[in-house]
Amino acid sequence: MKRETTNIIRFFLEETIPPGFRDSSFMRWLFRLYWGELVDDIESFRSNAHRGTATEYSDIYSRLPRIQEGTDNSQACIDRIIQETGPGSVLDVGCGLGVLLQRMIDAKGTAQNTYAGVDFQVDSSTSDSVPLAEIQEAMIESLPFDDNSFDTVICTHVLEHILDIRAAVSELRRVCRGTLLIVTPKEREYRFTFNPHLNFFPYPHSFLKFMVPVPDSAICETIGRDFFYTETVDNSGQG
């Protein structure tokens with residue numbers, strides 16, 4: 001299923017159904033018809049994420065059916081990421097199956113760019129499917145790279161999944177020496193969902209409060225049902 005299709009479904013579920021009814025037992029029953037007991041497990045995971053273990057975190061994500069076609073990004077967001085990425089080294093944090101990286105390689109080539117990707121779980125087939133990118137497992141809160149390592153750092157559909165957003169943003173900025181690109185879903189929070197998101201950003205300020213201090217170079221705009229954020233990172237003052 002394409003991101004554009006799931007965005008239509010999300011719009012209906014999040015914007016047209018009254019909150020009281022959206023959180024009702026009837027809606028839970030409808031969700032269970034498709035997702036089964038996973039609906040309850042996701043709600044339990046979200047309720048206890050503040051004390052959850054890495055094993056529990058990994059388990060809930062390994063059980064999720066993949067409904068997107070390889071990437072959570074819409075075509076409009078992919079096009080914009082390619083447009084904003086200049087020559088130099090590129091890091092995709094939360095690279096998943098490597099679909100976005102491969103799309104970038106197809107569009108930008110390798111004459112002026114090098115590519116790397118990290119994810120907290122890396123499928124054994126990812127490196128084979130993106131042979132021109134260096135892929136490794138790593139947590140966003142502790143990236144295994146030196147300061148100012150990459151000209152462009154990309155992080156799409158990751159921050160909604162983690163507890164310590166500020167630590168993650170700090171790491172993204174630390175390893176970046178140029179352009180930082182972040183995509184998060186424009187999404188409302190409800191009692192139960194079909195995803196294990198821990199953070200919800202219904203408005204731009206819902207997201208931007210985690211980016212403080214927001215530099216003058218920053219731009220946050222809406223593309224479809226996603227927020228697209230870009231800033232120019234300046235680490236020249238670091239010792």
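These legends describe close-up views of a predicted model. Local features need pLDDT of at least 70, and side-chain atom pairs count only at pLDDT 80 or more, while totals for chains, interfaces and linings use all residues. Residues are numbered from 1 along each chain as its sequence is written, and side-chain values use heavy atoms, with hydrogens and water left out.

**View A. Helix H6 packs with helix H7.**
H6 spans residues 75-84 and H7 spans residues 99-108. Helices (H or I, at least four residues) and strands (E, at least two) are DSSP runs, numbered from the N terminus. The angle between H6 and H7 is about 50 degrees, and their axes are 10 Å apart. That angle makes H6 oblique to H7. Axes are lines fitted to C-alpha atoms, for helices over the stretch in contact, and angles run from 0 to 180 degrees between N-to-C directions. Angles under 35 degrees count as roughly parallel, over 145 as roughly antiparallel, 65 to 115 as roughly perpendicular and the rest as oblique. From H6, the contact (heavy atoms within 4.5 Å) uses Gln75, Ile78, Ile81 and Ile82. From H7 come Leu100, Arg103, Met104, Ala107 and Lys108.

**View B. Tyr57 and Phe120 form an edge-to-face pair.**
The structure holds 15 aromatic pairs. Rings of Phe, Tyr and Trp (its six-membered ring) pair if their centres lie within 6.5 Å; planes under 30 degrees apart count as stacked, over 60 as edge-to-face and the rest as tilted. The ring centres of Tyr57 and Phe120 are 5.4 Å apart, with planes at 70 degrees. This pair links distant parts of the chain, 63 residues apart. Tyr57 sits in helix H5 (residues 54-62), and Phe120 in the loop between strand E2 (113-119) and helix H8 (126-129). Tyr57 is buried at 19% relative accessibility, while Phe120 is partly exposed at 26%. Buried means under 20% relative accessible area, exposed over 50%, partly exposed in between (1.4 Å probe, protein chains only).

**View C. Phe145 and Phe150 also pair edge-to-face.**
Their ring centres are 5.0 Å apart and their planes are at 90 degrees. Both Phe145 and Phe150 are buried. Elsewhere, Phe31, Tyr34, Trp35, Phe192 and Phe194 form one aromatic cluster.

**View D. Helix H9 is largely enclosed by the rest of the structure.**
Of the 11 residues of H9 (residues 165-175), 8 are buried. They are Ile165, Ala168, Val169, Glu171, Leu172, Arg173, Arg174 and Val175. These buried residues pack against strand E1 (88-93), strand E4 (150-156), strand E5 (176-185) and E7. Arg173 and Asp234 are 61 residues apart in sequence, but 8.6 Å apart in space, C-alpha to C-alpha. Asp234 lies in the segment after strand E7 (226-232). Asp234 is exposed, at 59% relative accessibility.

A cis peptide bond joins Val212 and Pro213, with omega about 0 degrees. Asn148 is not a glycine, yet its phi is positive, near 55 degrees. His157 has a positive phi of about 55 degrees, and it is not a glycine either. Asn148 is partly exposed at 27% relative accessibility, whereas His157 is buried at 6%.
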